Amino acid sequence: MTIKHIRNRQLSDFSTDKRVLFIIVIAIPVAVAAMGAGLLLLQLIRLCTNLAYFGQFSFSEPQLENASLGLWAVCIPVIGSLLIGLIARYGSEKIRGHGIPEAIEAILLGRSRLDAKVAVLKPLSSAIAIGTGGPFGAEGPIIMTGGAIGSLIAQALPVSDSERKTLLVAGAAAGMTTVFGTPIAAIMLAVELLLFEWSPRSFIPVVVAATVAELGRSMLGMAGPLFPFDGTMLTSLPGFAGWIVIGIAAGLLSGLLTQLVYACEDGFQRLPIHWMWWPMIGGLVVGIGGLFEPRALGVGYENITAMLDGHMLGAAAVTLLVVKAIIWSVALGSGTSGGVLAPLLIMGGAMGAALGGFLPEASPGFWALLAMAAMMGGTMRAPLTATFFAVELTGNVHALLPLIVACVTAHAMTVLLMKRSILTEKIARRGHHIVREYRVDPFELTHVRDVMTTDVISVPAAMTLHGAVRFLTAPQTRHPSFPVVDQEGNVLGIVDPPSVLAWRRAGRHRNQTLGELLLGTKITLAYPDEYLAGLVDKLVHANVAHLPVVSRGDNSLIGYIGWKDLMRVRQRLAMETHERTTLMRAKRRGSSGQ
């Protein structure tokens, strides 16, 4: 940032400028490319499934429960997992996992750069994993793939890191919209999980990308909800209690599943074999689980339909929940490639279907729907995304209030019970702390006059260089730098040990005055009415730790501000968060004392 930009800093609600129009234009081809990748991934999953379980080269929608392979079915996930291990080791290790943590890590720590290998190998490996029975969804891989496409396009253009992040997230949102037809949920996913900011400069291009993807779906005849559902229930106190119960149960199950996934990952870490072979072990568990419950294999969208139709209840739902949880946790912990969203929907729906008989009367499938969304909102800690996702998947806006209550309840449970989500735990294990709380920067709200030091010690311009050395080295001098003022109180500059040393090295005479030494020096000044955000820019640009504060009218010295004063703002923010005061009581005491 140049000093010109600092001086021209506009105070407005947002920092967005016309540059966003350029990013919007770029977001359109990013969305088209991400949409193509999403469609390709869906076709690859169908092809791999048909090849693996039916021995036919076909892109038709397969039904795994119709496959009759006997014990041979156990070997299919193992073979698929071996291929994934080979791709990860000799292609790119970044294809391991479910994609969203890797996207977050690239955004926050990798300057939003993803390489071409990820864009090619992630959908391929995910198609193999899901097509050979892996109990995963396509959303994580397509988010990673769409993000990689956006990042690659951005890397070919002269854009900033922030703009590259926006295009990465735009590709991710377009990919998710392509797979599920949920543009609003994709936008909310960007806001809650990926952007790490709330700004028009990033929000608007992401909305454009998601909209373009949804328009493309409509043009291809893919419009409409994936799982149409119009069930609801009357709003009542017992019903409200039921929504809370579903949220609590989903929150508890979310915590259990998160712990189970990382317990499995820890177990694999202790194995005395290379990580390339771990997915094969996970694949074996998947294959065995498929013998007990074939419906637990693959994406399992037909399970969601059955739950919403009310055709899966009681023991069948519990069996699906248990088997799906075990094979999903082991497979994901083994480091294979696949998503978490669809499995969370299925496991949550199975829990809701099992609990539905103990809850107030509602339409068949209603409690399963609430539990699906609550499981997603609690585990991913994205309650708004989960709410809109459920609404768009089903086209049921009448369930909006129950959905948000259940999702927020589950979210509250996981926030209180666990420090990390299933997404951020992986990043934390790599040594990076992620904060997902968005707040207004206190530096944007605080004026210089609110924190500056008003009792300023200054030195006269008539002081000699020798006198300045004696003054700075005197035992009673407590500060490292001091403003230099003339007889009228105007600031000429700052004297500190580095400047004194520079003058001595330059051969300046010891009897020259500070006024003479500072003559022609360019000085950076602070003003009492400017905000600390702009002041920080000045400090960084001038490479100094302190600045004199002067009146705008006559440049007379009225204060002094440095980095310690800025730290007091952060300390005050912490006090506002943790100190508790009863203002009404304090007000009464103040009134009685008058």
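I take buried to mean under 20% relative accessible area, exposed over 50%, and partly exposed in between, with a 1.4 Å probe and protein chains only. The model is predicted: local features need pLDDT of at least 70, side-chain atom pairs count only at pLDDT 80 or more, and totals for chains, interfaces and linings use all residues. Residues are numbered from 1 along each chain as its sequence is written, and side-chain values use heavy atoms, with hydrogens and water left out.

**Entry on helix α19.** I use helices (H or I, at least four residues) and strands (E, at least two) as DSSP runs, numbered from the N terminus. In α19, residues 465-473, I found Leu465, Ala468 and Leu472 buried. They lie on the same side of α19 because they cover an arc of only 50° around the axis; the arc is that of the directions from the helix axis to the C-beta atoms. On the face turned away from this buried side I noted exposed Arg470 and Thr473. The buried residues of α19 pack against β2 (482-485), β3 (491-495), α20 (497-505) and α21 (514-517), where contact means heavy atoms within 4.5 Å.

**Entry on Lys122.** I located Lys122 in helix α5, residues 116-131. Lys122 counts as buried because its relative accessibility is 0%. Not counting residues up to four places away in sequence, Lys122 touches several residues, including Ile95, His98, Met144 and Ser337.

**Entry on cysteines.** I looked for disulfides (pairs of cysteine sulfur atoms within 2.5 Å) and found zero. Cys48 is in no disulfide, and the nearest cysteine sulfur, that of Cys75, is 18 Å away. Cys48 counts as buried at 16% relative accessibility, and Cys407 counts as buried at 0%.
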